[in-house]
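This note is written for a colleague who is meeting the structure for the first time. Please keep the sequence and the model in view while reading the points.

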Amino acid sequence: MNSISTDICIIGAGPVGLFAVFEAGLLKLRCHVVDALPQVGGQLSEIYPKKPIYDIPGFPEVLAGDLVSNLMRQIEPFHPTFTLGERVERFAKLEDGSFQLFTTDGTEILCKAIAIAGGLGSFEPRKPAIENLENYESGKGVYYMVRDPETFRDKRLVIAGGGDSALDWTIFLADVAKEVTLVHRGTTFRGAADSAEKVKNLHDAGKVRLVLSSNVTHVHGPEQLEAVTITPNSGEPETLHVDSFIPLFGLTPKLGPIGEWGLELEDDAVKVNTVDYSTSEPGIYAIGDINTYPGKLKLILCGFHEAALMCQGAFKYINPDKKYVLKYTTVNGVPTL
Amino acid sequence: MTDEVRVYVEEAPGHRREVIAPTDMGLSLMEVLKASGYDIQATCGGMALCGTCHIEVLAGPALDEPSDEELYMLESLPVMSQGSRLSCQVRVTSRLDGLVLRLMPQQA
């Protein structure tokens, strides 16, 4: 098992998480940064690297991607370490007040304080509003993503959705499953034109069944999923015996596993005390878009401020007996660790 | 000459609430609805990424055509209708006056 030891573990490598490395470095605290995405920068790199940002103090205009590169340069003297492409799943608090974190891929991080800088959270599958759907999750027949196509070998499937992933998996699973029915609310597909064409051809060849202008409205089965009801926009509903139902309606940002950590939440955000951006769990802090407090503004510049104050709090948490003295970078020169 | 428009939110069938929105602040309809107390998450902050500000236009003036980005997101949602829009992509301008809309139910 990969094990890392640090002072502050920062969850989220967006601009606020990265700047927290700088503020922590000024206080001689080392940081390890974890992000579910394969690269640093969070939304700025993933979603809008080429968009200009106009409200970063001192930068009349800066491209999101450039801001991330500059932040990386700024924190370089503090030698932060990174675990990218892994999501932090759970934490344990040890007797001495330090923490143990575990990622999806089994990396263990030992740290003295945790700073959650998770931004929008992690992107999770969107679930349709169908009664009792959740009863068939975790292996009982409802899947929101295809992890291993072999799960569906020789099974009878209903896939719902009209986007690229619904089309692509319909095509792929047509050769794996016993029966594939694709249910789409509309009559046209916005996904890649050739994928839509392929699905129509498979339908004409009798390899998949395409049900348009319809929705899956009910799921049935005492324990395991046994059938779904497909209701057309006009006409009689039909109940179809199936082994699996795969709704593919894209991804939406969710708080993710952090939502289950027992921290006090409000509107899907982590409640913090603005003195030091501490959460309801001593030693765990939350900064940037993921937190909430009276007057919260979801701005990068506010996240930078939160990072600075958070590090003060974390310093006191880690060193209860040391006295902290504010130092100016103009006085002390290029900071290092 | 006035710098505001009136839009109407159908909170229940036959029950419409008037919302007055300024046109001189470059706001999106999502921002106005949120500020008027409607429970819209708008997780992504207005980038047509999360689909949580989904509304249905019921009546009123014609709006600008949605962008490809917006249509793509709408198309991927479990529920969509003829009048579906992402309110974060609708600018509040004088042309919006008299718009009637309802919030679309949120999926988990």
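1. Basis of the note. The model is predicted; local features need pLDDT of at least 70, side-chain atom pairs count only at pLDDT 80 or more, and totals for chains, interfaces and linings use all residues. Residues are numbered from 1 along each chain as its sequence is written, while chains are lettered from A and ligands numbered from 1 in the order in which they are written.

2. Overall content. Chain A has seven helices and 23 strands; helices (H or I, at least four residues) and strands (E, at least two) are DSSP runs, numbered from the N terminus. Along the principal axes, the C-alpha atoms of chain A fill a box of roughly 75 × 45 × 40 Å. Of the 337 residues in chain A, 39% are buried. A residue is termed buried if 20 or more other C-beta atoms lie within 10 Å of its own, exposed if 12 or fewer, and partly exposed in between, with C-beta atoms placed from the backbone.

3. Contacts along the chain. Among the contacts in chain A with a separation of 6 or more, 62% come from residues 24 or more positions apart. Two residues are in contact if their C-beta atoms, placed from the backbone, lie within 7 Å.

4. Domains. Chain A is divided into domain 1 (3–123 + 252–332) and domain 2 (127–249), with bounds that come from an automatic or database domain assignment. A distance of 39 Å separates the C-alpha centres of domain 1 of chain A and domain 2 of chain A.

5. Strand β2 of chain A. Which way do the residues of strand β2 (residues 8–11) of chain A point? A:I8 and A:I10 point one way and A:C9 and A:I11 the other way, and all are buried. In a regular strand the side chains alternate between the two faces of the sheet.

6. Partners of β2(A). Strand β3 (residues 31–35) of chain A pairs with β2(A) in the parallel sense over four bridges; two strands pair if DSSP finds at least two bridges between them. Within β3(A), A:V34 is the bridge partner of A:I11. From β2(A) the chain crosses through helix α1 (residues 15–26) of chain A to β3(A), and this β-α-β crossover is right-handed: with the strands pointing away from the viewer, the path from the first strand over the helix to the second runs clockwise. β2(A) also pairs in the parallel sense with strand β10 (residues 113–116) of chain A, over four bridges. There, A:A113 in β10(A) stands opposite A:I8.

7. A four-strand sheet. An open sheet in chain A has the order β14-β13-β12-β18, with parallel pairing. Because β14 (209–211) and β18 (244–247) of chain A stand at the edges and have a single partner strand each, one side of each is left without a neighbour in the sheet. Strand β13 (residues 179–183) of chain A runs parallel to β14(A) and is joined to it by three bridges. A:T181 stands opposite A:R209 in β14(A).

8. Annotated positions. An unreviewed UniProt entry lists A:D35, A:Q43, A:Y48, A:V88, A:F123, A:D289 and A:T330 for "binding site". They are spread over 296 residues of sequence and also in space, up to 40.3 Å between C-alpha atoms. UniProt positions are given in the numbering used here, feature names are shortened, and annotations may be inferred rather than shown by experiment.

9. Two of the listed residues. A:D35 is found in strand β3 of chain A and counts as buried because it has 29 C-beta neighbours inside 10 Å. Neighbours within four places in sequence aside, A:D35 is in contact with A:G12, A:A13, A:V40 and A:L84. A:Q43 lies in helix α2 (residues 43–46) of chain A and is buried, with 21 other C-beta atoms within 10 Å. With the same exclusion of neighbours within four places in sequence, A:Q43 is in contact with A:G14, A:Y48, A:G119 and A:L120.

10. A:H79 is not a glycine, yet has a positive phi of about 45°. A:H79 sits in the loop between α3 (64–75) and β6 (81–84) of chain A and is exposed, with 12 other C-beta atoms within 10 Å. For A:N132, a residue other than glycine, phi is positive and near 65°. A:N132 is placed in the loop between β11 (122–125) and β12 (156–160) of chain A, and A:N132 counts as exposed, with 12 C-beta neighbours inside 10 Å.
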